[in-house]
Amino acid sequence: MVTKNKVETLQLLRDYFPTAIFTGMCLVFISEDWRVELTEHKDKDFSNSDAEPSIIRVRIGKRALDGDVISGHYHEDFRLPSLGELAEQIEKYVQMAIGANLRENIE
């Protein structure tokens, strides 16, 4: 079950990336050649009193000639306390991987 806390960071990132589609569980960017997916993962250690920021997992898949997406082309986890820095680093990572800006329509 997806809780409000689980998707909180993704909802904030959705505002930063206007071309993203929010599915309720992840943010997705789709183009003819690429699929970029951002998912949020929380630390399950509830005994830790210091709340760590969520892990945002970025998965990039390349579309094959038959139209299927080959997942796992690129994969990286981000955990940064500042939302602005988190969004900037994700944007930079994806831009370097696929050569397109997430804030615009990816090609």
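Figure 1. Strand S1 (residues 21–22) and S2 are joined by 2 bridges and run antiparallel. Look for Ile-21: the residue standing opposite is Val-28 in S2. The hairpin that S1 and S2 make has 3 residues between the strands, and there Gly-24 takes a positive phi near 100 degrees.

**Figure 2. S2 also pairs with S3.** Stay with S2 and turn to S3: here 5 bridges join the two strands, and they run antiparallel. Leu-27 has Leu-38 in S3 as its bridge partner. S2 and S3 form a hairpin too, with 3 residues between them. How enclosed is S2 by the rest of the structure? Largely so, because 4 of the 5 residues in this strand (residues 26–30) are buried. As you follow the strands, keep in mind that in a regular strand the side chains alternate between the two faces of the sheet.

Figure 3. Side chains of opposite charge can pair when their charged atoms come close. The side chains of Arg-35 and Glu-37 do this in a salt bridge, at 3.0 Å from N to O. Is Glu-37 buried or exposed? Glu-37 counts as buried because its relative accessible area is 17%, and the cut-off for buried is under 20%. Arg-35, by contrast, is partly exposed, with a relative accessible area of 29%. Glu-37 has a salt bridge with Arg-59 as well, this one at 3.4 Å from N to O. Arg-59 is partly exposed, at 34% relative accessible area.

**Figure 4. Arg-79 reaches Glu-52 from loop to loop.** Arg-79 and Glu-52 form a salt bridge, with their closest N and O atoms 3.9 Å apart. What does this pair tie together? Arg-79 lies in the loop between strand S5 (69–78) and helix H2 (83–98), while Glu-52 lies in the loop between S3 and S4, so the pair connects parts that are 27 residues apart in sequence. Both ends are partly exposed: Arg-79 has a relative accessible area of 34%, and Glu-52 comes in at 40%. Going back to the previous view, salt bridges with shared partners join Arg-35, Glu-37 and Arg-59 into one network. The structure holds 4 salt bridges, among them the ones shown in these two figures.

**Figure 5. Stepping back to the whole protein.** The protein has 2 helices and 5 strands, and along the sequence they follow the pattern α-β-β-β-β-β-α. Of its 107 residues, 32% count as buried. Among contacts with a separation of 6 or more, 46% come from residues 24 or more positions apart.

**Figure 6. How much confidence the prediction carries.** The average pLDDT is 82, and 79% of the residues score at least 70. What happens at residues 1–6? There pLDDT stays under 50, and the model has 7 contacts beyond four places in sequence for this stretch. Where pLDDT is low, the predicted coordinates should not be read in detail.

Technical notes:
Residues are numbered from 1 along each chain as its sequence is written. This is a predicted model: local features need pLDDT of at least 70, side-chain atom pairs count only at pLDDT 80 or more; totals for chains, interfaces and linings use all residues. Side-chain values use heavy atoms; hydrogens and water are left out. Buried means under 20% relative accessible area, exposed over 50%, partly exposed in between (1.4 Å probe, protein chains only). Contact means heavy atoms within 4.5 Å. pLDDT is the predictor's confidence in each residue, from 0 to 100. Two strands pair if DSSP finds at least two bridges between them.
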